[in-house]
Amino acid sequence: MFSTLGLFQSVPCPNGSECQRPGCLFSHTKDLPQQLLIVPAVGTKAPGHRSASTGPQVSNPSHSISPVVPAKRPFELSASASSSARNDAAREPPRQRLKATTGASRPVAPGKTVHSNIGVPVLRANAAQSQVAVPVRQAMLKSLYDHFVVLYEEIQPSNPTLASEHALRQEEEIYKKSTKHTYRNAVITSIAALKKRPTPSSISHPSVGTEEEIAARIESQKQLNQLQLTRAALQQLIMSKETMEQWGYILEVPAGEGGSKPHANGQVKRCERCGQSFAVKGDPGKRECCYHWGRPYTKKINGEKLRTYLCCSKSTDEDGCSWGSHVFYESDAGDLHTRHAFSPSRPPQSLDVSVFDTALDVVALDCEMIYTTGGMRVARISVVDGTGTEIFDELVRMDDGIDVIDYNTRFSGITQEKHENASLTLSSARRSLDAFINSQTIIIGHALENDLKTLRMIHYQCIDTAILFPHRAGKPYRRSLRDLAKEHLGISIQTGDGSSGHSSVEDSIATLDLVKWYVLNKARSPATRG
């Protein structure tokens, strides 16, 4: 018989005076209070809990801990305690409550990834659902990122998240088409291919992108190159005169003497940039106009709509972020006609077989404009044929008496040094265009009415990609050529840093390829393939 440790000497015997057990473990002392089992709330220690270093403890009557129930009885919370517990549960995050009550957790997709804006991307994947160990995938992702950083060395400063984004997409492409046995070798092969790529000098370089993106671009460009646009294939895309009129095209030569007032020197105009009135002069101050060069757009911040500028993210109520000269823009047909006369594109030459008309069936055209004392005038004209081959690219000098106010280099790409080499006037440039454009030539462009206005050309056979690919908000909103090229062609254009500007040759090729894409994917009657 073992000796007792006296652990229950403070607990009254449940049989009291009727106890017949010799050497009873419980206390038979009179007037000993009856002990109750204290059921603590979740996360608290029972007052009578015995730790490893202390003996039995008696609950402190001063503590009001709820609920108190007899030993070995299933406890039921009082109404107030139940309400308190429900309130506590309501304050818990939904997922924690689900896990606490059911033990279930929401599954995570194996390919789910997140990354910071700059630096090594971090892969987030459910280890149980990933066929390749997540630490292995993360290590391979870092290797891909390191090699993308080396590849994008020249363009990384202006595109700090590019290497991270492409590393994530490249790893995902490899994971989807690999098994756990081939994954590592597939990554090594991909890295070897990255090392062989030429270093891109711009975001639009063919080396920029993941393997699948580059392959898709090559295949798409191959299809576009093989497509031969014909007049019959494009006939249904030519805008009606009603549509052209709605979008601001000038369809008739305005009345009055053309070119009677080539400049507006001394006249008071409203600045297109800052909205102030100013007197036009040939030698304006370079810091007289404070303006925003980016367009305003609407964004939501904390549920509130805010109009801000693309150039600096300032609100439309704040002062401008750039300094320059006051400039003006004219859109009225009569005003434009007085600066330089409008004229229609030439008619086709005689059908006599001895006379050959050199005009083409299809061309794509784009112009770059600058601000002058005669309003906005054309400074560069670029034209490509239906295959995308450049056939005309010339700078245009201003007419006599016209002074340049601002070269608008950020967008035009024209600088004073470049423009000094211009030899053609607008009239001589129009005569040069007659060599391959007549009234039946289909001209493709983006916001083409602006190009035709600055060329002072009346033309009816037009396809405008800004109208062919409408904005979801409808007229008068239009999508930019840059966005359309990125979405449908997978290429990046107009990526200058503000000193190089746009390329009218690049833009004209992009508009041509957008029409080809539309014929391949949207138009009902297919074009003839070469």
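This is a predicted model: local features need pLDDT of at least 70, side-chain atom pairs count only at pLDDT 80 or more; totals for chains, interfaces and linings use all residues.
**Close-up views of aromatic and charged contacts**

View 1. Together with Trp517 and Tyr518, Phe469 makes up one aromatic cluster. Within the structure, which holds 6 aromatic pairs, Phe469 and Tyr518 form an edge-to-face pair, with 5.7 Å from centre to centre and 85° between the planes. Phe469 belongs to the loop between helix H14 (465-468) and helix H15 (481-489), whereas Tyr518 belongs to helix H16 (residues 504-521), so the pair ties together parts that lie 49 residues apart in sequence.

**View 2. The tilted pair of Phe148 and Tyr152.** Among the 6 aromatic pairs, that of Phe148 and Tyr152 has ring centres 5.5 Å apart and planes at 45°, so the pair counts as tilted. Both Phe148 and Tyr152 are buried.

**View 3. Charged side chains over tyrosine rings.** Lys241 places its charged end over the ring of Tyr460, at 4.3 Å from the ring centre. Arg273, in turn, lies over the face of Tyr291, 4.4 Å from the centre of that ring.

**View 4. Salt bridges involving helix H4.** Of the 13 salt bridges counted in the model, one joins Arg169 to Glu213, with the closest N and O atoms 2.8 Å apart. This pair links distant parts of the chain, since Arg169 lies in helix H4 (residues 162-176) and Glu213 in helix H6 (residues 211-226), 44 residues apart. Arg169 is partly exposed at a relative accessible area of 34%, and Glu213 likewise counts as partly exposed, at 25%. A further salt bridge connects Glu172 with Lys176, whose closest N and O atoms are 3.2 Å apart; Glu172 and Lys176 both lie in helix H4, separated by 4 residues, or about one turn of the helix. Glu172 counts as partly exposed at 27% relative accessibility, while Lys176, at 64%, counts as exposed.

View 5. The salt bridge between Arg479 and Glu487 brings their closest N and O atoms to 2.6 Å. Arg479 is partly exposed, with a relative accessible area of 24%, and Glu487 is also partly exposed, with 47%.

**View 6. A nonpolar surface patch.** Leu5, Leu7, Phe8 and Leu25 make a nonpolar surface patch of about 410 Å². Phe8, found in the segment before helix H1 (79-91), is partly exposed, with a relative accessible area of 40%.

Key:
Residues are numbered from 1 along each chain as its sequence is written. Side-chain values use heavy atoms; hydrogens and water are left out. Patches are made of residues with over 30% relative accessible area and no salt bridge: like charges are joined within 9 Å, nonpolar side chains (Val, Leu, Ile, Met, Phe, Trp, Tyr) within 5 Å. Accessible areas come from the Shrake-Rupley method with a 1.4 Å probe; for residues, only the protein chains shown count as cover. A salt bridge is a side-chain nitrogen of Lys or Arg within 4 Å of a carboxyl oxygen of Asp or Glu. Helices (H or I, at least four residues) and strands (E, at least two) are DSSP runs, numbered from the N terminus. Buried means under 20% relative accessible area, exposed over 50%, partly exposed in between (1.4 Å probe, protein chains only). Rings of Phe, Tyr and Trp (its six-membered ring) pair if their centres lie within 6.5 Å; planes under 30 degrees apart count as stacked, over 60 as edge-to-face and the rest as tilted. A charge sits over a ring if NZ of Lys or CZ of Arg is within 6 Å of the ring centre and within 35 degrees of the ring normal.
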